[in-house]
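Dear colleague,

I am passing on the structure below for you to look through. My notes on what was found follow after it.

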Amino acid sequence: MALIATLDTGFGAWNPVIWIVTMMVALVIAWLIRSRGESVQPPGTEAGKPYLSGNDIPYPEETHVAASNLYWGFTDAMKRYYGRAVPLHTGILTDYVLWYIGVLALAIIMAGVL
Amino acid sequence: MFANLPFITAGILIIIGIVTIVTQHNLIKMVMGLAVVEAGVNLMLVATGYREGGAAPIFTNAPSTEMVMPTAQAMALTNIVIGIATTALLLSFILIIFRKYGSADVRDMRRLKG
Amino acid sequence: MIGEFWSINAPALLIAIPMLGAFATPLLGKMGKTPRNLWILLITALTFATSALLAAEVYTTGPVIYTFGAVDPAVALVSDSGGIPVRIIFNVDAMSAFMALMASVVGLVAGIYSLPSGKMKSGRDGYFSLLLLLLVGILGMVCTGDLFNFFVFLEISSLAGAALVAYRIDKGVAVEAGLKYAFLSSLAGLIFLYAVALLYGQYDSLNIAVIAERMQFGFLDKVALALFLTGLAMKAGAVPMHFWMPDTYSMAPSAITAFLVVSSQASLYGVFRIAFTLYGLRLNYVTVGWFIIILGVLSMLVGVSMAILQENVKRLMAYHSISQTGYMLLGVGVGLAVLGDPAMMESFGLTAMEGGLFHLVNNAMYKGLLFLTAGAIFFRAGTHNLNKLGGLGHSMKLTMLFFIIGALAIAGIPPFNGFSSKLMIYESVFAFNPLLAIIAMVVSILTLASFVKVFHAIFMGPKRGEYAGVNEVPVPMLAAMGILALLTVLMGIFPQQFVDLMIRPAAGALVNQGSYIASVMGGL
């Protein structure tokens, strides 16, 4: 049980310890570059403020994006799939039993034929 | 043919039970269907342990040493006990559903879906 | 003295300790809240210790046989039994020990997490009794070497699970979820028992090893196989028999949902045990392997695509459970499909199975963690609706950290444990059929996408007025989440050690049917 062991995945290898060390080094380099920048904005200007095409910036309390608004494009593109998949989840116990019995019948037919 | 009659009856009982479950909409009738399936399975179990002309497997004062298999009967007995627990639990659920939803119809029991 | 007794009777105590705990809990509950909570901690910790002891024994000396009611429990065959085992036998091999260890860890965590009562003040004793009975059911299922015994424990876990799901009646909706779960479980259980009767009528035995040795694979055996596999796959939540799973998981108390994940995986263990050990090489393994692979691929795709739409956080996570089950079915199904080909088995089949089993334990850890964080959010914010939540990252920082760990692990982001097991599945499945590996990767991306949505909706954004008074959850809940988070991280950083220690022997035990038979029947 070596402390540093490489996961053998058959065709490749995965070593999290080396990965973590590499990421730490990368983060340190990133921090070094960042620390060379200006730490404060020049006072008296608007350089530090967000800019939204010249419009007024709404208060953050008003800008919460609700969960149902996310991935609208994805669900809209997949409308044909979802139009079929969602109605299948009827919530009726009879349908649940029927699906189970259906798969069972299919499996028995497969077992009998093959 | 005659020797296989118990097995055929067991199969028919199970099919009757499943048909009851998927065609009836009243929850209590569905539980009844489940009980019929259970009866079919119990018959199947007891039938596997039966032997022509066998006595009950009690050794004290047994008329002959030819006896039916007690293991299958023990299994059927265990299943009956489990079936009672299941039926009681299901019926008590239905009781609460009827009180809260005002209906014991399976098609009305679909507040969880999608 | 007591140590020796404990180690000899570990398989029996594994069942006896939680069962004693379950039936004594109402008694302890009469004495007050603190004794009862200490009792729950003691029982779950003792169960964990017993399963750890048993696992250590199995991994060092090989399978442990425990014959109930025998003079010497380690001997399965007595001289006058005619060469067949007549008693109920617990046959704990590496696979069983691995599952038992996992179940008892999650049982301990669920016990700790449930200690703070929150809004529910009454009826806590029954809750803990049922929790321990669920643990009994799961441990019995994974340890037993007897088909009828398996059925009994399956029913114990189903009934205890259904009662727990319905425990918070919740205007009847939780009862609806419990009713669906109980009804389908009972039907699957009865059909399982019918298949047991089919095998018993032919082979005169209920012992898995004996039936495996005598297996002819005739017509009735094929029918029995179909009955076994579909029933257990339904309990594991494979598409298209998954419909009950989101309903049930979303309405159960969160600690129970985390535990129901393990209960489903015990059913998955049943699928693997039946396919590999009971039928093994006599099986038409290519067909059955592809049947399992197709169920797995369908589960992955349908599970994740339905999850993206959900607005209830626990319902969303439940759909992810379905999709993660798909990965396990895929990995182990590939192993089954190449079971008879030693070259392919050596080249990728075994790795695929190891990946599937590793994913199983990983899923129990991070999925449990995610359900517990959802419970923590409900505990404080009082809703599961993603559209109403928001800005909780300001006040529940530790919960947020645990959620991030769980979400990254389930999405397969390095260095967490989900990545290691998914990598093993991708690479070995790619060698089997590249299309399957690509599907698995796409599903992983969609998983990440939907957890980004959950994270954004719950934790991000400014503080919201309605959650102004929200603060961090009580210490026991944090401790329970912390244990699972720690395990998730540790298994992610040291995957090879876990695979070598537990997963490879477990996969080997599944593949090697002969040693399972020999452990009961002697010989070899």
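Buried area is the accessible area, taken with a 1.4 Å probe, that two parts lose on being put together, summed over both. The model is predicted, so that local features need pLDDT of at least 70 and side-chain atom pairs count only at pLDDT 80 or more, while totals for chains, interfaces and linings use all residues. Residues are numbered from 1 along each chain as its sequence is written, chains are lettered from A in the order in which they are written, and side-chain values use heavy atoms, with hydrogens and water left out.

Between chain A and chain B the buried area is about 880 Å², and carbon and sulfur atoms give 73% of it. On the side of chain A, the residues that lose the most area to chain B are A:Ile92, A:Leu93 and A:Thr94, which together make up 45% of what that side buries. The contact (heavy atoms within 4.5 Å) draws ten residues from chain A and eleven residues from chain B. Zero salt bridges are found across this interface, where the rule asks for a side-chain nitrogen of Lys or Arg within 4 Å of a carboxyl oxygen of Asp or Glu.

As for chain A itself, its secondary structure comprises four helices and two strands, in the order β-β-α-α-α-α from the N terminus; these are DSSP runs, with helices (H or I) of at least four residues and strands (E) of at least two. Of the 114 residues in chain A, 23% are buried, meaning under 20% relative accessible area with a 1.4 Å probe, protein chains only.

Best regards

Conventions. Buried < 20%, exposed > 50% of the residue type's maximum accessible area, 1.4 Å probe, protein only.
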